[in-house]
Amino acid sequence: MKRINLILYFLVYTLLNSCTPNEPIKIKQIESDEMVTIFKNVKNGPDQNDSISLTVPIEFRLIVNESKVKGLSLYYFVDKKLLSDHLFDYQVYNKNNKRKPIYSLEPYFEYNPLNIIIKERNHLISKDDANILLKKYNIKQSLNNLKIGDTIKLIPFNQLIKENKKILEELNKIDDSIFFRITLNKGEVSVIKQKINW
Amino acid sequence: MTKTRYVGGNATYITRGVSREFANEIEINSNGPINYYAPEYTYGEPEARPIKEEPQKAFSGWWSPDYEGIRNIPEQDSNWPKAYLEETVYFQLNVSERIPVGTSITFQLWDKNTPFKGLTIFDNPKFDGNMVFKTVMVREVNGQHRITIELYLNPKWHIDIKKDERGSINSCLEFYWTWKYHNTYWKSNNNILDVYRSKTTLFIKPATNDRSYGLPEIYANNGSIILYAIDKLPDGEIKKFSMIKLRTITTFKFQADINKFKREIYNEAINLDTNTLESASYTIEEGASFFKTNKNSSQIYIDEDLIEVPIEARGKIAVKNFGVKLIKFAKQAAKIYGQIEILKEMKEMIPELSSNEKFNMPSLSTFVGFVPQLAVYFFGVEVIGWMVKGSLKEVDDVVEESLWADWQNAKARGLKDAQNFIQRPWAIENGFNNIIISNKMVNKLLKGDFKTLDELEKLREKLRIENYDEYQSTLVYNVFYISTYNKEVDKNVVLIDCIFINQ
């Protein structure tokens, strides 16, 4: 039933690189050079003590035709489940200014292209795997002393997936996608589904 | 006026007395070092700028954000100070001392329509169809005679901003006043205030369409509807504040069902003795009457745990005199949300509530507060009206209506179902989403402290950074909202649909 609904309602699918110049928005995922980090999320509480969050950056390049787009919001699905609260599951940043997360995207349309980074915190890896990574990249910090909210910087994402096929496989196992909801002039809405390519 | 002075060589400025400078901001630029030489340095609060004395003129005015007229309007466009609808501004007018304190003068508000300074015949005196007059008395401020006109920038005037758009590029109203004194007409068209559309894009969709109950729909996590009401005695005295949990047993199919249901639960009288709605067929799961006020009597906290509040002395009197305890939800509740004074009275009426330690320490509380009434008014439309967009075909309308009914059913089944519903393609296309917030934030939300969803999210991020652990543990309110395009302002606005209390 869900699948039928999908076909019914998402009439607009934009595939990578299939844009015409008149399109209101172009969305392209690019392989990010942002840092992957280990993050002590609240999710790995006492019952998940042997695992830890791997914060993976996903980067999109958006080219927005400001005269045609009134609003843009995104919905992050992991394994067909909407990440309901982006405070803990993911955060969105503007690549040009990464100090603070951003919420509504409209004020950033002036950056053209606008590169957004989505830091996804929903992936868990075992502490053993995390320790292997720390050792491999000669990072001296320990997982044991991490407090909730603490992070350890690893290496850039594009390097990590090249050198760690196992992590790439793990990421690919889960169906991740982002829905971009675009409000066009006069309130017309189109939804673009973008599957995450790791 | 702008003044720039170029000096080829050195410039020296010598004053025998004190040299003072007043400005909105002061910038000093130097390519080399900046040196200060003095035996003593003092820093302090800025002094109010001296007011220009113009003895030959009877009036001199300016706009301010404060009644005292000390501060300047914080923003400016290229011409004038800049304000936004929904703000309150003040026009300050220093008057000649020959006009005695207590003299009352009537002012009329105008919107300047032409860029030509002297030309006023095309100017517009009507805002949302009405002329705005203010009658104000001359008062004394620091020995000077002054008039201060308070002006609430009514959000309904967005219609006039829209009208203005046709003729000119800048979409704002340009306000000035006219008045008559001693058979002479005066205009303040040298002190214009530019008024722009409200910055607010976050609105609360009230639970019912008739604008009488100002709160949004509030649910317990099992889908029970939580209603708040005030028990008001026939003589107008407020006896208690109540919360009732109500369970829906109907499955909605059409908008008409939903409307009927809401009319009943939010408008019908409820008999608290029998725990039944007077004319409806819904069962009340739990009913309890309790409230607590905190030290600041402008707030009432309603606890989630059901507590019976003994209202001893007064309670007895009340029962003797008035046997039937009826609660009219809508009107009384709305009055309370709008009138802080009643809340103060309430505290005095039932002092044991505010002095009893037991009731002053809410562990988990819901604030029943002020919904931004005007924000609600602006979008207080028939639910179906904004949901079914004009461009849709008839067949689609039916689909939309049944899905809208599904949304109501999902909420009544509880938080999990509501969360699942918003993941459906229809819901995403229609901008449904949710956000989990703490009790501190829900209080602010219901009081109308957030103008945009961004403001709410920024505060959330701030609280998270301050204390991750503590913040995480207070996330109890799951707020469902709908992002929808508003034609009037030509942008997306966010409507709070309902709040789930998840504990």
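**View 1. Burial and fold of chain A in the predicted model.** Of the 198 residues in chain A, 25% are buried (20 or more other C-beta atoms within 10 Å of the residue's own, with C-beta atoms placed from the backbone). Chain A contains 4 helices and 11 strands, taken as DSSP runs numbered from the N terminus (helices H or I, at least four residues; strands E, at least two). Among the contacts in chain A with a separation of 6 or more, 69% join residues 24 or more positions apart; residues are in contact if their C-beta atoms, placed from the backbone, lie within 7 Å. Local features need pLDDT of at least 70 and side-chain atom pairs pLDDT 80 or more, whereas totals for chains, interfaces and linings use all residues of this predicted model. Residues are numbered from 1 along each chain as its sequence is written, and chains are lettered from A and ligands numbered from 1 in the order in which they are written.

**View 2. The contact between chains A and B.** Chain A gives 24 residues to the contact and chain B gives 28 residues. Elements of chain B that supply two or more residues to this side include α12 (425-429), β25 (432-438) and β27 (491-501). The largest share, 6 residues, belongs to α14(B). On the side of chain B that touches chain A, 9 residues are nonpolar, 7 polar and 12 charged (nonpolar: Ala, Val, Leu, Ile, Met, Phe, Trp, Tyr, Cys and Pro; charged: Asp, Glu, Lys and Arg; polar: the others, Gly among them).

**View 3. The surroundings of S188(B).** S188(B) is found in the loop that links β12 (184-187) and β13 (193-196) of chain B. S188(B) counts as buried because it has 22 C-beta neighbours inside 10 Å. Beyond its neighbours within four places in sequence, S188(B) contacts G61(B), Y176(B) and W177(B). The C-alpha atoms of S188(B) and W177(B) are 5.3 Å apart, with the two residues 11 residues apart in sequence.

Note on methods
Two residues are in contact if their C-beta atoms, placed from the backbone, lie within 7 Å. A residue is buried if 20 or more other C-beta atoms lie within 10 Å of its own, exposed if 12 or fewer, and partly exposed in between; C-beta atoms are placed from the backbone.
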